[in-house]
Amino acid sequence: MSHPDWSKLAEQKIAAVRAAQVEWAALPIQTRIEKLNAAKLAILARGEELAQLISDETRKPLAEAYSAEVLAIGDIFGYWLRKGPDLLKPRKGDVPSLEMPGKKAWIERVPRGVVVCISPWNFPVQLPMRTVAPTLLAGNGLILKPSEVTPKSGAWLVARIREVIGPVIDVMEGDGAAGAALIEAMPDAVVFTGSTRTGRKVGVMCAERGIPCEQELGGKDCAVVLADADLDRTATGVAWGIVSNAGQNCSGIERVAVAAQIAPQFIPLLVKKLQETAKDVPELVTPMQRRIVIEQIEEAIARGAQVLTGGLPIGDAPIPPTLLTKVPRDAMAWKDESFGPIAVLEVHTSEEELITAANDTRYGLGNSVWGHNTDHATDVARRVVSGMVWINNHSFSAALADLPWVGTGDSGTGMTNSPDVLHLLTRPRLYVVDSNKDLEPWWYPYGPKLLDLMRVLVSRQQTGGLGATLRTLSALKARMKEIKS
Ligand code: NAD
């Protein structure tokens with residue numbers, strides 16, 4: 001489809017969802033909850049079909065399609081349907097009663113309107129779900145633009161929800177041009193998850209149009225292994241962090257910084273664990289990603305890196321779980337996102353150096369610190385710069401709807417999950433009701449008593465106390481007399 005056709009389609013879709021959204025937002029929240037719960041059950045009843053579809057599209061093992069995607073649907077819907085009413089409750093506003101009598105204020109969180117969710121291919125259901133559930137619950141309409149690499153899973157998800165709740169949700173399949181057309185068609189908010197490069201473009205497009213937008217971008221997470229780490233659990237957990245979803249995980253472990261005291265035992269164990277995973281690690285989803293990872297391995301080896309396990313694939317075989325060491329800090333494998341089952345490892349003699357290694361990246365999505373003494377590991381974690389830091393684990397919290405998924409630096413300022421997403425998906429609307437029958441002291445006509453009052457108020461801000469309150473009352477009285485005279 002050519003670009004002008006995308007524009008027309010995007011405009012039609014946004015207009016249709018916008019029309020349906022008005023009715024959807026007018027429903028009592030309890031009715032929206034019932035309908036979304038019915039959609040959740042309809043999806044879960046066909047969970048096996050969805051898991052198979054995801055596995056076919058992404059090559060991930062069926063167990064991973066279940067654990068990271070199908071289960072996430074129930075968990076994420078469950079959280080928002082349970083907590084949403086409280087989180088969306090109007091908030092009472094604080095208005096000082098002495099100088100502003102008779103006023104009542106409250107703030108409602110109202111839906112933005114139509115939210116566009118642009119998604120990547122690595123978690124084609126879990127990632128959109130993190131936006132779909134709170135967006136719809138809050139009374140918005142939503143259009144999902146799934147990745148062109150894995151369009152079917154996202155389209156399946158939207159179709160099941162649409163069957164239950166109607167045309168307030170829609171999907172627009174297509175490549176980047178389709179995503180851009182959706183932004184040009186002026187939705188009310190954009191949630192983007194994808195690469196840093198595309199995220200920057202999307203951010204500019206949205207800024208130029210005044211569309212609120214959040215961007216969840218790439219990562220280069222580091223596992224910091226302290227001298228007192230539990231060897232077996234840490235090696236197993238770090239290996240999982242490197243290879244799960246074949247490393248195509250924005251918060252996959254791509255760097256490992258190990259304390260020298262533990263390195264002689266830890267490194268062979270990590271190598272063994274990685275080798276054991278090889279049979280469960282599928283080929284990468286796109287040929288381009290395979291090329292990127294191979295280029296990173298080739299460059300690192302050419303520049304003197306040592307291959308601890310794995311390395312370049314033989315022929316067309318999948319890229320094996322790979323651990324490299326002695327990789328120069330300016331090599332691609334250290335500084336760029338790999339998005340494959342490979343990691344670079346460094347050994348350091350001090351905790352200071354371990355922390356400096358973890359922070360030597362322009363990304364800042366997640367990091368982990370592994371150590372037996374969790375208080376100490378937490379102290380180390382505080383000095384590591386990233387949106388998320390796990391102690392003795394990595395990345396598993398992605399589908400826990402109460403916990404923010406958030407980065408910093410080149411990982412973007414965006415967020416999915418947690419009550420904080422409501423800042424993007426809703427806007428605060430203020431109501432103030434005034435039952436004061438008097439004129440206001442700050443209204444015209446101005447006069448010397450107004451200035452007196454202002455001075456008394458400023459003095460009261462400094463001192464507080466009963467005396468200041470009495471002086472305020474007296475200045476107010478004088479001012480009201482002045483207004484009425
Ligand atoms: P990508 O940036 O190539 O594409 C993401 C989406 O953006 C796709 O749907 C694509 O069609 C669309 N798109 C492309 N150009 C566009 C444009 N000009 N305007 C609007 N939309 C456009 O990313 P990808 O290769 O699909 O996914 C991998 C990347 O996603 C990795 O960098 C990974 O780290 C990142 N990611 C981040 C998170 C996170 O939560 N931070 C989660 C998963 C993946």
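Domain bounds are those of an automatic or database domain assignment. In this predicted model, local features require pLDDT of at least 70 and side-chain atom pairs count only at pLDDT 80 or more, whereas totals for chains, interfaces and linings use all residues. Residues are numbered from 1 along each chain as its sequence is written, and side-chain values use heavy atoms, with hydrogens and water left out.

The protein chain comprises domain 1 (6-217 + 418-429), domain 2 (221-402) and domain 3 (439-484). Because domain 1 and domain 2 both contribute residues to the shell around the ligand, the ligand lies between them. The C-alpha centres of domain 2 and domain 3 are 64 Å apart.

The ligand is surrounded by 29 residues, a residue being counted if one of its heavy atoms lies within 4 Å of the molecule. The closest are Lys-145, Glu-148, Ser-195, Leu-217 and Glu-337. The shell consists of 13 nonpolar, ten polar and six charged residues; Ala, Val, Leu, Ile, Met, Phe, Trp, Tyr, Cys and Pro are classed as nonpolar, Asp, Glu, Lys and Arg as charged, and the others, Gly among them, as polar. Helix α7 (176-184) makes the greatest contribution to the shell, with three residues, helices being DSSP runs (H or I, at least four residues) numbered from the N terminus.

Polar contacts are pairs of N or O atoms within 3.5 Å. A polar side-chain atom of Ser-195 is 2.6 Å from a ligand oxygen atom, and a side-chain N or O atom of Thr-198 is 2.8 Å from an oxygen atom of the ligand. For Glu-216, the corresponding side-chain distance to a ligand oxygen atom is 3.3 Å. The protein buries 89% of the 850 Å² that the ligand exposes when taken alone, with accessible areas computed by the Shrake-Rupley method with a 1.4 Å probe.

Technical notes: A polar contact is a pair of N or O atoms within 3.5 Å; within protein, one must be able to donate a hydrogen and the other to accept it, and residues adjacent in sequence count only if both atoms are side-chain atoms. Helices (H or I, at least four residues) and strands (E, at least two) are DSSP runs, numbered from the N terminus.
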